[in-house]
Amino acid sequence: MKILLPFLGVMGIVIVAFVGVEMLNLQYLFGVMIPYTAFIIFVVGVVLRILKWGRSAVPFCIPTTSGQQKSFSWIKRNRFDNPSNNLEVIVRMALEVLLFRSLFSNTSTALKEDEGRLIHQSSKWLWLGGLAFHWSFLIVLVRHLRLFLDPIPSALSLVEGMDGLMQLGVPVLYWTGLILLISATYLFFRRVVIPQVSYFSLPNDHFPLLLILFIATTGMIMRYILKVDIISVKAFTVGLFSLKPTITHDLGLIFYIHLFLVSVLLAYFPFSKLMHAAGVFLSPTRNMPNNSRRIRHINPWNYPVKVHTYEEYEDDFRDKMKTVGLPLEKE
(Lines give C-alpha, C1' and ligand atoms only; values in the text may rest on other atoms or scores of the structure.)
Protein backbone atom coordinates (compact mmCIF):
# COMPACT_ATOMS: atom_id res chain seq x y z
CA MET A 1 0.00 0.00 0.00
CA LYS A 2 2.93 2.34 0.59
CA ILE A 3 3.65 2.23 -3.16
CA LEU A 4 0.19 1.48 -4.52
CA LEU A 5 -1.47 4.53 -2.97
CA PRO A 6 1.00 7.08 -4.40
CA PHE A 7 0.87 5.32 -7.78
CA LEU A 8 -2.92 5.43 -7.82
CA GLY A 9 -2.75 9.07 -6.75
CA VAL A 10 -0.53 10.02 -9.68
CA MET A 11 -2.61 7.92 -12.08
CA GLY A 12 -5.70 9.69 -10.74
CA ILE A 13 -4.14 13.05 -11.57
CA VAL A 14 -3.53 11.88 -15.15
CA ILE A 15 -7.08 10.56 -15.46
CA VAL A 16 -8.58 13.79 -14.08
CA ALA A 17 -6.66 15.82 -16.65
CA PHE A 18 -7.69 13.41 -19.43
CA VAL A 19 -11.37 13.54 -18.51
CA GLY A 20 -11.35 17.29 -17.88
CA VAL A 21 -9.70 18.23 -21.17
CA GLU A 22 -10.70 15.47 -23.58
CA MET A 23 -14.29 14.86 -22.48
CA LEU A 24 -15.44 17.99 -20.65
CA ASN A 25 -13.46 20.57 -22.66
CA LEU A 26 -12.22 22.34 -19.54
CA GLN A 27 -9.08 23.67 -21.23
CA TYR A 28 -9.31 27.05 -19.52
CA LEU A 29 -9.58 25.41 -16.08
CA PHE A 30 -6.59 23.09 -16.61
CA GLY A 31 -4.56 25.55 -18.70
CA VAL A 32 -5.07 28.79 -16.79
CA MET A 33 -6.95 28.63 -13.49
CA ILE A 34 -5.24 25.60 -11.98
CA PRO A 35 -1.67 26.69 -12.91
CA TYR A 36 -2.26 30.16 -11.45
CA THR A 37 -3.79 28.70 -8.28
CA ALA A 38 -0.92 26.22 -7.91
CA PHE A 39 1.65 28.97 -8.36
CA ILE A 40 0.00 31.13 -5.66
CA ILE A 41 -0.13 28.17 -3.26
CA PHE A 42 3.53 27.46 -4.01
CA VAL A 43 4.74 31.03 -3.37
CA VAL A 44 2.58 31.68 -0.28
CA GLY A 45 3.27 28.23 1.16
CA VAL A 46 7.04 28.47 0.74
CA VAL A 47 7.16 31.99 2.22
CA LEU A 48 5.06 30.96 5.24
CA ARG A 49 7.21 27.86 5.87
CA ILE A 50 10.42 29.92 5.70
CA LEU A 51 9.00 32.60 8.01
CA LYS A 52 7.93 29.91 10.47
CA TRP A 53 11.39 28.33 10.44
CA GLY A 54 13.01 31.76 10.69
CA ARG A 55 11.07 32.59 13.85
CA SER A 56 12.23 29.42 15.60
CA ALA A 57 14.73 30.23 18.32
CA VAL A 58 18.10 28.50 18.16
CA PRO A 59 19.33 28.45 21.74
CA PHE A 60 22.73 26.94 21.32
CA CYS A 61 25.48 26.40 18.81
CA ILE A 62 24.56 23.01 17.35
CA PRO A 63 26.48 22.39 14.13
CA THR A 64 27.12 18.86 12.98
CA THR A 65 30.59 17.91 14.10
CA SER A 66 32.29 15.14 12.23
CA GLY A 67 35.73 16.57 12.92
CA GLN A 68 37.73 18.55 15.45
CA GLN A 69 36.62 22.13 16.01
CA LYS A 70 38.99 25.06 16.54
CA SER A 71 40.52 24.88 20.00
CA PHE A 72 44.23 24.63 20.64
CA SER A 73 46.74 25.61 17.99
CA TRP A 74 48.52 22.26 18.24
CA ILE A 75 45.36 20.23 17.51
CA LYS A 76 44.54 19.82 13.82
CA ARG A 77 40.98 20.87 13.15
CA ASN A 78 38.55 20.19 10.30
CA ARG A 79 37.99 23.61 8.76
CA PHE A 80 34.85 22.81 6.73
CA ASP A 81 33.15 20.29 9.00
CA ASN A 82 33.74 22.56 11.97
CA PRO A 83 33.89 26.10 10.56
CA SER A 84 34.85 28.75 13.08
CA ASN A 85 33.76 31.83 11.09
CA ASN A 86 31.14 32.86 8.56
CA LEU A 87 33.41 32.48 5.53
CA GLU A 88 34.07 28.84 6.37
CA VAL A 89 30.33 28.36 6.94
CA ILE A 90 29.66 29.68 3.42
CA VAL A 91 32.17 27.19 2.00
CA ARG A 92 30.58 24.34 3.94
CA MET A 93 27.09 25.35 2.78
CA ALA A 94 28.26 25.62 -0.84
CA LEU A 95 29.84 22.16 -0.68
CA GLU A 96 26.65 20.79 0.85
CA VAL A 97 24.19 22.46 -1.53
CA LEU A 98 26.16 22.06 -4.75
CA LEU A 99 27.93 18.72 -4.18
CA PHE A 100 25.96 16.99 -1.36
CA ARG A 101 29.15 16.60 0.67
CA SER A 102 27.50 14.98 3.68
CA LEU A 103 25.82 12.41 1.41
CA PHE A 104 29.21 11.67 -0.16
CA SER A 105 30.50 10.75 3.30
CA ASN A 106 27.48 8.62 4.04
CA THR A 107 28.00 4.92 4.69
CA SER A 108 25.61 2.00 4.67
CA THR A 109 25.53 -0.90 7.10
CA ALA A 110 24.80 -4.54 6.31
CA LEU A 111 24.83 -7.82 8.21
CA LYS A 112 26.90 -10.57 6.55
CA GLU A 113 25.05 -13.63 7.73
CA ASP A 114 27.64 -16.09 6.44
CA GLU A 115 30.35 -14.38 8.47
CA GLY A 116 28.07 -13.29 11.29
CA ARG A 117 29.36 -9.75 11.43
CA LEU A 118 28.23 -6.22 10.70
CA ILE A 119 30.01 -4.42 7.89
CA HIS A 120 30.09 -0.73 6.98
CA GLN A 121 30.49 0.27 3.37
CA SER A 122 30.38 3.36 1.23
CA SER A 123 27.09 4.29 -0.50
CA LYS A 124 28.36 6.39 -3.35
CA TRP A 125 25.61 5.26 -5.75
CA LEU A 126 23.08 7.14 -3.63
CA TRP A 127 25.27 10.24 -3.72
CA LEU A 128 25.71 9.95 -7.50
CA GLY A 129 21.98 9.33 -8.09
CA GLY A 130 21.00 12.26 -5.88
CA LEU A 131 23.51 14.57 -7.53
CA ALA A 132 22.41 13.56 -11.05
CA PHE A 133 18.74 13.92 -10.12
CA HIS A 134 19.01 17.40 -8.58
CA TRP A 135 21.38 18.91 -11.15
CA SER A 136 19.47 17.54 -14.14
CA PHE A 137 16.19 18.74 -12.60
CA LEU A 138 17.66 22.22 -12.14
CA ILE A 139 18.95 22.42 -15.73
CA VAL A 140 15.62 21.15 -17.10
CA LEU A 141 13.86 23.91 -15.14
CA VAL A 142 16.29 26.51 -16.47
CA ARG A 143 15.78 25.26 -20.03
CA HIS A 144 12.02 25.66 -19.65
CA LEU A 145 12.50 29.41 -19.14
CA ARG A 146 12.79 29.72 -22.93
CA LEU A 147 9.05 29.04 -23.07
CA PHE A 148 8.31 32.05 -20.87
CA LEU A 149 10.86 34.62 -22.07
CA ASP A 150 10.89 36.54 -25.34
CA PRO A 151 13.57 37.31 -26.45
CA ILE A 152 15.55 34.39 -25.06
CA PRO A 153 18.67 35.45 -23.07
CA SER A 154 21.97 34.38 -24.61
CA ALA A 155 23.00 32.63 -21.35
CA LEU A 156 19.92 30.43 -21.63
CA SER A 157 20.74 29.58 -25.24
CA LEU A 158 24.24 28.63 -24.10
CA VAL A 159 22.89 26.24 -21.45
CA GLU A 160 20.54 24.73 -23.99
CA GLY A 161 23.31 24.34 -26.54
CA MET A 162 25.60 22.58 -24.06
CA ASP A 163 22.77 20.31 -22.93
CA GLY A 164 22.14 19.17 -26.50
CA LEU A 165 25.80 19.16 -27.50
CA MET A 166 25.87 15.46 -28.43
CA GLN A 167 22.95 15.65 -30.83
CA LEU A 168 21.64 12.23 -31.83
CA GLY A 169 18.81 13.25 -34.12
CA VAL A 170 15.89 15.61 -34.56
CA PRO A 171 14.61 16.96 -32.29
CA VAL A 172 17.76 17.42 -30.25
CA LEU A 173 18.18 14.97 -27.40
CA TYR A 174 18.68 16.91 -24.20
CA TRP A 175 20.82 14.76 -21.91
CA THR A 176 19.48 16.29 -18.73
CA GLY A 177 15.97 15.11 -19.58
CA LEU A 178 17.25 11.56 -20.01
CA ILE A 179 19.42 11.74 -16.86
CA LEU A 180 16.47 13.09 -14.86
CA LEU A 181 14.32 10.16 -15.96
CA ILE A 182 17.03 7.57 -15.19
CA SER A 183 18.06 9.05 -11.83
CA ALA A 184 14.45 9.46 -10.63
CA THR A 185 13.79 5.84 -11.63
CA TYR A 186 16.89 4.72 -9.73
CA LEU A 187 15.91 6.66 -6.58
CA PHE A 188 12.39 5.23 -6.75
CA PHE A 189 13.43 1.60 -7.21
CA ARG A 190 16.10 1.99 -4.54
CA ARG A 191 13.30 2.71 -2.08
CA VAL A 192 11.37 -0.32 -3.34
CA VAL A 193 14.13 -2.92 -3.70
CA ILE A 194 16.44 -2.34 -0.71
CA PRO A 195 14.65 -3.86 2.32
CA GLN A 196 16.09 -1.45 4.89
CA VAL A 197 15.15 1.61 2.82
CA SER A 198 11.75 0.19 1.91
CA TYR A 199 11.00 -0.41 5.61
CA PHE A 200 11.14 3.26 6.59
CA SER A 201 9.82 4.67 3.29
CA LEU A 202 6.35 6.16 3.50
CA PRO A 203 3.77 7.03 0.81
CA ASN A 204 4.88 10.65 0.97
CA ASP A 205 8.39 9.47 0.03
CA HIS A 206 7.14 7.67 -3.08
CA PHE A 207 4.53 10.22 -4.22
CA PRO A 208 6.86 13.11 -5.21
CA LEU A 209 9.25 10.72 -6.94
CA LEU A 210 6.42 9.17 -8.94
CA LEU A 211 5.04 12.62 -9.72
CA ILE A 212 8.41 13.79 -11.04
CA LEU A 213 8.80 10.55 -12.98
CA PHE A 214 5.46 11.10 -14.69
CA ILE A 215 6.32 14.75 -15.38
CA ALA A 216 9.62 13.74 -16.99
CA THR A 217 7.94 10.94 -18.94
CA THR A 218 5.14 13.13 -20.30
CA GLY A 219 7.73 15.77 -21.18
CA MET A 220 9.77 13.24 -23.15
CA ILE A 221 6.63 11.89 -24.84
CA MET A 222 5.58 15.42 -25.74
CA ARG A 223 8.98 16.14 -27.28
CA TYR A 224 9.84 12.91 -29.06
CA ILE A 225 6.61 10.93 -29.68
CA LEU A 226 3.36 12.92 -29.58
CA LYS A 227 4.94 16.13 -30.74
CA VAL A 228 3.07 19.29 -29.79
CA ASP A 229 3.09 22.54 -31.72
CA ILE A 230 5.94 24.36 -29.97
CA ILE A 231 4.86 27.75 -31.42
CA SER A 232 1.41 27.39 -29.86
CA VAL A 233 2.96 26.28 -26.57
CA LYS A 234 5.32 29.28 -26.60
CA ALA A 235 2.45 31.70 -27.32
CA PHE A 236 0.40 30.12 -24.54
CA THR A 237 3.18 30.17 -21.90
CA VAL A 238 4.23 33.75 -22.73
CA GLY A 239 0.58 34.78 -22.35
CA LEU A 240 0.40 32.91 -19.07
CA PHE A 241 3.57 34.61 -17.81
CA SER A 242 2.37 38.09 -18.87
CA LEU A 243 -1.06 37.53 -17.23
CA LYS A 244 -2.75 37.57 -20.64
CA PRO A 245 -3.51 33.87 -21.15
CA THR A 246 -5.14 32.72 -24.35
CA ILE A 247 -6.20 29.14 -25.00
CA THR A 248 -5.60 27.66 -28.43
CA HIS A 249 -6.99 24.31 -29.54
CA ASP A 250 -3.73 22.90 -30.90
CA LEU A 251 -1.87 22.48 -27.61
CA GLY A 252 -2.64 18.78 -27.38
CA LEU A 253 -3.92 16.57 -24.57
CA ILE A 254 -0.45 15.45 -23.47
CA PHE A 255 0.50 19.09 -22.86
CA TYR A 256 -2.45 19.59 -20.49
CA ILE A 257 -1.60 16.36 -18.64
CA HIS A 258 2.01 17.51 -18.28
CA LEU A 259 0.90 20.96 -17.11
CA PHE A 260 -1.56 19.51 -14.59
CA LEU A 261 1.12 17.23 -13.13
CA VAL A 262 3.46 20.21 -12.79
CA SER A 263 0.67 22.23 -11.13
CA VAL A 264 0.06 19.47 -8.59
CA LEU A 265 3.78 19.31 -7.84
CA LEU A 266 3.88 23.08 -7.31
CA ALA A 267 0.89 23.05 -4.95
CA TYR A 268 2.23 20.00 -3.11
CA PHE A 269 5.75 21.39 -2.70
CA PRO A 270 5.31 23.62 0.43
CA PHE A 271 3.60 20.82 2.38
CA SER A 272 6.05 18.08 1.57
CA LYS A 273 9.61 16.96 2.21
CA LEU A 274 10.53 18.74 -1.01
CA MET A 275 10.86 21.83 1.18
CA HIS A 276 14.32 20.58 2.09
CA ALA A 277 15.39 22.67 -0.91
CA ALA A 278 14.80 25.78 1.23
CA GLY A 279 15.26 24.17 4.63
CA VAL A 280 18.90 23.30 4.05
CA PHE A 281 19.74 27.02 4.16
CA LEU A 282 17.98 27.43 7.53
CA SER A 283 19.39 24.34 9.19
CA PRO A 284 21.26 25.42 12.35
CA THR A 285 23.41 22.32 12.11
CA ARG A 286 24.75 23.68 8.82
CA ASN A 287 24.57 27.45 8.91
CA MET A 288 26.27 28.13 12.25
CA PRO A 289 29.99 28.37 12.94
CA ASN A 290 31.16 25.92 15.56
CA ASN A 291 32.59 28.42 18.03
CA SER A 292 31.10 27.19 21.28
CA ARG A 293 34.55 27.04 22.90
CA ARG A 294 35.24 30.68 22.03
CA ILE A 295 31.84 32.39 22.39
CA ARG A 296 29.22 31.92 25.08
CA HIS A 297 25.79 31.28 23.56
CA ILE A 298 22.89 32.53 25.66
CA ASN A 299 19.58 30.71 25.58
CA PRO A 300 17.06 33.21 24.12
CA TRP A 301 14.32 31.60 26.20
CA ASN A 302 16.03 32.53 29.46
CA TYR A 303 13.91 34.74 31.74
CA PRO A 304 14.68 36.44 35.09
CA VAL A 305 14.45 33.93 37.93
CA LYS A 306 13.77 35.05 41.52
CA VAL A 307 16.52 33.47 43.60
CA HIS A 308 16.02 32.55 47.27
CA THR A 309 19.52 32.29 48.76
CA TYR A 310 20.50 30.14 51.73
CA GLU A 311 21.12 33.26 53.80
CA GLU A 312 17.54 34.39 53.16
CA TYR A 313 16.29 30.88 53.93
CA GLU A 314 18.18 30.88 57.21
CA ASP A 315 16.78 34.33 58.09
CA ASP A 316 13.24 33.08 57.44
CA PHE A 317 13.56 29.89 59.53
CA ARG A 318 16.35 30.73 62.01
CA ASP A 319 14.21 30.33 65.16
CA LYS A 320 12.78 26.99 64.05
CA MET A 321 16.19 25.67 63.00
CA LYS A 322 17.71 26.79 66.29
CA THR A 323 14.89 25.11 68.21
CA VAL A 324 15.50 21.70 66.63
CA GLY A 325 19.28 22.08 66.91
CA LEU A 326 20.23 22.51 63.26
CA PRO A 327 23.59 24.21 62.66
CA LEU A 328 23.41 27.87 61.64
CA GLU A 329 25.93 29.87 59.68
CA LYS A 330 24.93 33.13 61.32
CA GLU A 331 23.85 33.27 64.98
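The legends below describe an overall view and several close-up views of a predicted model.

Residues are numbered from 1 along each chain as its sequence is written, and side-chain values use heavy atoms, with hydrogens and water left out. In this predicted model, local features need pLDDT of at least 70 and side-chain atom pairs count only at pLDDT 80 or more, while totals for chains, interfaces and linings use all residues.

Figure 1. Helices (H or I, at least four residues) and strands (E, at least two) are DSSP runs, numbered from the N terminus. Along its principal axes, the C-alpha trace spans about 100 × 50 × 45 Å. The radius of gyration of the protein chain is 29 Å, whereas a compact globule of 331 residues would have one near 20 Å. This radius is taken over C-alpha atoms, and the globule rule is 2.2 Å times the number of residues to the power 0.38. Of the 331 residues, 34% are buried. Buried means under 20% relative accessible area, exposed means over 50%, and partly exposed lies in between (1.4 Å probe, protein chains only). The accessible surface of the protein chain comes to about 21000 Å², and carbon and sulfur atoms hold 69% of that surface. Accessible areas come from the Shrake-Rupley method with a 1.4 Å probe; for residues, only the protein chains shown count as cover. Among contacts (heavy atoms within 4.5 Å) with a separation of 6 or more, 65% are between residues 24 or more positions apart.

**Figure 2. Asn82 in the loop between helix H2 (27-55) and helix H3 (86-99).** Asn82 counts as buried because its relative accessibility is 0%. The side chain of Asn82 makes a polar contact of 2.3 Å with the side chain of Asn290. A polar contact is a pair of N or O atoms within 3.5 Å; within protein, one must be able to donate a hydrogen and the other to accept it, and residues adjacent in sequence count only if both atoms are side-chain atoms.

Figure 3. Arg49 is partly exposed, because its relative accessible area is 27%. Leaving aside neighbours within four places in sequence, Arg49 is in contact with Pro270, Phe271, Ser272 and Met275. For one of these residues, Pro270, the backbone oxygen lies 2.5 Å from a polar atom of the Arg49 side chain. Arg49 and Phe271 are 222 residues apart along the chain, and their C-alpha atoms are separated by 8.6 Å.

**Figure 4. Phe100 and Leu243, two loop residues.** Phe100 has its place in the loop between H3 and helix H4 (101-104). Phi of Phe100 is near 55°, a positive value in a residue other than glycine. With a relative accessibility of 13%, Phe100 counts as buried. Leu243 has its place in the loop between helix H10 (230-241) and helix H11 (253-268). Phi of Leu243 is near 60°, again a positive value in a residue other than glycine. Leu243 is exposed, because its relative accessible area is 64%.

**Figure 5. Ser183 in helix H7 (residues 175-193).** The relative accessible area of Ser183 is 5%, so Ser183 is buried. Apart from neighbours within four places in sequence, Ser183 is in contact with Gly129, Ala132, Phe133 and Ser136.

**Figure 6. Phe188, also found in helix H7.** Phe188 has a relative accessible area of 8% and is therefore buried. Beyond neighbours within four places in sequence, the contacts of Phe188 are Ile3, His206, Leu209, Leu210 and Leu213. One of them, Leu213, is 25 residues from Phe188 along the chain, with 8.9 Å between the two C-alpha atoms.

**Figure 7. Ser232 in helix H10.** Ser232 is buried, because its relative accessible area is 9%. Its side chain is joined to that of Asp229 by a polar contact of 2.8 Å. Leaving aside neighbours within four places in sequence, Ser232 is in contact with Thr248, Asp250 and Leu251. Ser232 and Ile247 are 15 residues apart in sequence, and their C-alpha atoms are 9.2 Å apart in space.
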